Amino acid sequence: MNNQITNVYIWDMDETLILLKSLLNGSYAEAFAGLKDAQKGVEIGKMWEKHILQISDDFFFYEQVCLEIENCNKPFLEALSKYDDGQDLSDYDFNQDGFSPPHDDLNKRKLAYRHRLIANKYKQGLHNILDPEMMDLWDALYKMTDEYTDGWLSSARALLEQCLAGNEDPTICNTVAGGVVRSNATGSRHINVLVTSGSLIPSLVKCLLFRLDNLISHENVYSSWDVGKLQCFQWIKERFDNRNTRFCAIGDGWEECEAAQTMNWPFIKVDLRPNSSHRFPGLTLRTVGFYFSIVYGNPDSENDDD
């Protein structure tokens with residue numbers, strides 16, 4: 001369909017889709033002027049930090065790739081795919097393959113192998129990685145956090161589902177390859193992309209832990225740690241752009257705001273304050289559609305741009 005609209009939603013992670021830094025530094029609780037227990041927020045944040053680092057190290061090579069060997073953070077998992085020769089990794093010993101500096105082609109291939117395994121684990125989900133006891137701890141922490149934040153996590157997740165569907169009923173959609181969803185109601189395509197300032201491996205683990213992995217595919221997760229958000233936005237535009245593609249960035253920081261302005265994309269600034277409508281719960285598909293319409297107009301085929 002030549003006139004098919006594609007909507008690309010470019011999300012920040014921390015203090016947008018999830019809360020972590022604001023729990024750890026108390027700024028989330030401060031916004032409630034004493035109505036929230038700040039110490040409880042800090043304790044919740046510390047538990048998340050512990051889980052994120054433990055799973056990153058134990059299952060996703062974080063200590064080996066990014067802490068022991070410098071300059072190994074990449075902006076996305078496919079960055080070294082040209083070095084991957086497709087070797088069967090079933091019996092590959094990642095602890096004995098001699099992965100180390102310098103960053104020559106041989107070691108880039110070894111890093112590409114690790115990225116391939118990380119992508120496969122991401123697609124499999126945490127239930128295929130963690131034991132039942134750890135799954136129970138994670139589930140309890142998620143519920144505790146969602147309750148403490150008045151449903152921030154579950155509301156953000158619900159909006160991601162609605163964005164993918166292009167409709168407030170997320171069941172009206174078909175998933176196709178590459179984390180792209182086609183709305184049955186409108187015929188349009190919808191894509192969630194994550195651009196985070198955190199390093200890549202912990203960011204992928206956050207997606208898993210905060211239950212975003214079935215809404216944002218691994219190939220749509222970008223780390224701006226080394227390259228900046230504007231560069232990531234430019235890559236995303238090159239990857240998805242055609243004359244009927246519309247982009248919208250959503251986040252809480254100045255960097256994504258400036259990058260969106262440079263790209264001439266609408267930007268929705270997330271606000272932690274409890275009286276704001278640009279937070280979770282609060283931000284709606286109708287509001288997102290309004291921001292799209294300001295920049296791109298209001299095509300008749302888009303029911304959500306009212």
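This is a predicted model: local features need pLDDT of at least 70, side-chain atom pairs count only at pLDDT 80 or more; totals for chains, interfaces and linings use all residues.
**Salt bridges, strand pairing and backbone features**

Asp-12, Lys-229 and Glu-256 are linked in a network of salt bridges.

The structure contains 12 salt bridges. Another of them joins Asp-84 to Arg-116, with the closest N and O atoms 2.7 Å apart. This pair links distant parts of the chain, 32 residues apart: Asp-84 is in the loop between α4 (62–68) and α5 (105–124), while Arg-116 is in helix α5 itself. Buried residues are those under 20% relative accessible area; Asp-84, at 21%, therefore counts as partly exposed. Arg-116 is likewise partly exposed, at 23% relative accessibility. A further salt bridge is formed by the side chains of Arg-273 and Asp-271, with an N to O distance of 2.6 Å.

Strand β1 (residues 6–11) is mostly covered, and 6 of its 6 residues are buried. In a regular strand the side chains alternate between the two faces of the sheet. In β1, Thr-6, Val-8 and Ile-10 point one way, Asn-7, Tyr-9 and Trp-11 point the other way, and all of them are buried. Strand β1 runs parallel to strand β4 (residues 189–196), to which it is joined by 6 bridges. In this pairing, Thr-6 is opposite Arg-189 of β4. Strand β1 also pairs with strand β6 (residues 245–251), again in the parallel sense and over 6 bridges. Here Val-8 is opposite Phe-247 of β6.

Two packed helices are described by the angle between their axes and the distance between the axes. For helix α6 (residues 132–148) and helix α7 (residues 152–165), the axes come within 6 Å and cross at roughly 95 degrees. The two helices are therefore roughly perpendicular to each other. Helix α6 contributes Tyr-142, Thr-145 and Asp-146 to the contact, and helix α7 contributes Trp-152, Leu-153, Ser-154 and Arg-157. By class, this contact of α6 with α7 comprises 3 nonpolar, 2 polar and 2 charged residues.

Asp-150 is located in the loop between α6 and α7. Its phi is near 60 degrees, a positive value in a residue other than glycine. Most residues other than glycine have a negative phi, and most peptide bonds are trans. Glu-15 is another residue other than glycine with a positive phi, near 65 degrees. Glu-15 is in the loop between β1 and α1 (21–24). With a relative accessible area of 7%, Glu-15 is buried, whereas Asp-150 is partly exposed, with a relative accessible area of 40%. The peptide bond between Phe-280 and Pro-281 is cis, with omega at about -10 degrees. Pro-281 is placed in the loop between β7 (267–269) and α11 (285–296).

Definitions and conventions:
Residues are numbered from 1 along each chain as its sequence is written. Side-chain values use heavy atoms; hydrogens and water are left out. Axes are lines fitted to C-alpha atoms, for helices over the stretch in contact, and angles run from 0 to 180 degrees between N-to-C directions. Helices (H or I, at least four residues) and strands (E, at least two) are DSSP runs, numbered from the N terminus. Angles under 35 degrees count as roughly parallel, over 145 as roughly antiparallel, 65 to 115 as roughly perpendicular and the rest as oblique. Contact means heavy atoms within 4.5 Å. Ala, Val, Leu, Ile, Met, Phe, Trp, Tyr, Cys and Pro count as nonpolar, Asp, Glu, Lys and Arg as charged, and the others, Gly among them, as polar. A salt bridge is a side-chain nitrogen of Lys or Arg within 4 Å of a carboxyl oxygen of Asp or Glu. Buried means under 20% relative accessible area, exposed over 50%, partly exposed in between (1.4 Å probe, protein chains only). Two strands pair if DSSP finds at least two bridges between them.
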